[in-house]
Amino acid sequence: MSNPANTIAIIGGGMAGLSCAAALAKAGHSPVIFDKGRGPGGRMAARRAEVAGETVSFDHGAQFFTADTPEFAEQITAWESSGLVELWSAAGDKSYVGVPGMNGPIRGMADALDVRWGARVSQAERQADGTWRLSFEGSSETQHFTQVICAIPAEQAAVLLAMSAPDYAAQAKGITSTPCWALMAAFAGPLNLPDAVKGGPSDPIAWAARNSAKPERSGSECWVIHGSADFSQSIIDHSKEDAADALLEAFAAQTGTDLTETVHTAAHRWLFAFPEVTNPQSHLWDERAQLGVCGDWLAGPRVEDAFLSGSALAAAILNSQ
């Protein structure tokens with residue numbers, strides 16, 4: 001079956017959705033991507049803040065990424081050539097970060113595609129003629145597409161696909177994700193710590209990094225501190241202010257460091273931070289229904305997993321034509 005351009009809708013503009021879109025665009029298609037966010041990021045988001053009169057950026061989601069496959073290594077090389085990523089040795093050999101923030105690669109991919117930000121798809125219904133009708137939250141507008149790709153977290157996919165693809169929805173509903181409270185903190189003076197601190201299995205803080213030490217970052221002493229899954233769950237219903245206090249206290253105790261004066265704090269709760277993938281599969285594709293699903297909840301929690309999930313789904317779609 002050959003599809004004309006502009007008949008593919010991708011719901012979700014994160015790494016998986018954009019990877020799929022980029023591969024389809026390279027093959028001559030013109031997918032339209034809908035994302036509920038205000039701009040590129042997702043789990044690779046970067047949060048701006050005013051600290052001591054300076055605008056700084058915190059990588060409060062994914063901290064770095066690596067490549068285990070030739071396909072993703074090739075993509076990283078392309079991003080590096082375009083000035084979208086740089087090596088960051090503090091996280092380990094061949095570890096990369098986006099520049100000037102972690103959302104650098106996401107932004108670069110989105111700029112080359114037709115992405116509709118601030119567009120939350122509330123319903124995806126397969127019509128009698130085989131097309132898909134998309135409805136949008138807060139709007140009476142509907143749009144029709146030949147193919148639909150769902151590239152959103154499992155918890156959201158389970159709701160969106162409940163009526164149109166109950167089997168896929170059930171699979172998504174069976175995924176359990178662990179939470180993560182993230183703290184963005186700036187201090188008046190340097191902390192006597194390495195640029196990256198990794199916690200142990202029983203530690204309350206799973207990861208902390210001197211965000212300002214990453215390539216092309218600003219701010220004198222800016223840190224991102226991630227609570228472990230267990231610790232984050234224990235404070236899951238805290239206010240942002242109380243969660244920030246708890247993370248700071250745990251960080252100081254775990255590292256044995258006297259924290260200098262805190263000049264900025266902001267906490268963010270990633271409710272579905274890490275999907276627990278027990279039976280990895282790269283993607284789902286129903287040729288009859290012209291419906292595809294991709295994302296890290298299918299393939300694995302790493303940035304590379306999401307990228308490969310999207311590109312594998314695109315290959316399946318192209319091979320079915």
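Trainee: Where does glutamate 249 lie?
Mentor: In helix α7, which covers residues 240-255. Keep in mind that this is a predicted model.

Trainee: Is glutamate 249 buried or exposed?
Mentor: Exposed. Its relative accessibility is 60%, and the cut-off for exposed is over 50%, so glutamate 249 counts as exposed.

Trainee: Which residues gather with Glu249 in a patch of negative charge?
Mentor: Glu241, Asp242 and Asp245. The patch is on the surface.

Trainee: And which residues form a positive surface patch?
Mentor: Arg38, Arg47, Lys240 and Arg269.

Trainee: Take arginine 38. Where does it lie?
Mentor: Arginine 38 is in the loop between β2 (32-35) and β3 (47-51). With a relative accessible area of 85%, arginine 38 is exposed.

Trainee: New topic: threonine 66. Which loop holds threonine 66?
Mentor: The one between β4 (54-58) and α2 (70-81).

Trainee: Why does threonine 66 count as partly exposed?
Mentor: Because its relative accessibility is 22%. Buried would need under 20%, and exposed over 50%.

Trainee: What does threonine 66 touch, leaving out residues up to four places away in sequence?
Mentor: Phe72, Ile76, Lys94, Ser95, Arg302 and Glu304.

Trainee: How many residues apart are threonine 66 and serine 309 in sequence?
Mentor: 243. In space, threonine 66 and serine 309 are 16 Å apart, C-alpha to C-alpha.

Definitions and conventions. Residues numbered from 1 in each chain as written. Predicted model: local features only at pLDDT ≥ 70, side-chain atom pairs only at ≥ 80, totals over all residues. Heavy atoms only, no water. Patch = residues over 30% accessible without salt bridge, like charges linked within 9 Å, V, L, I, M, F, W, Y side chains within 5 Å. Areas by Shrake-Rupley, 256 points an atom, 1.4 Å probe, with all protein chains shown as cover. Salt bridge = Lys/Arg side-chain N within 4 Å of Asp/Glu carboxyl O. Lys, Arg positive; Asp, Glu negative; His and termini not counted. Charge placed at Lys NZ, Arg CZ, Asp CG, Glu CD. Helix = DSSP H or I, 4+ residues; strand = E, 2+ residues; numbered from the N terminus. Buried < 20%, exposed > 50% of the residue type's maximum accessible area, 1.4 Å probe, protein only. Contact = heavy atoms within 4.5 Å.
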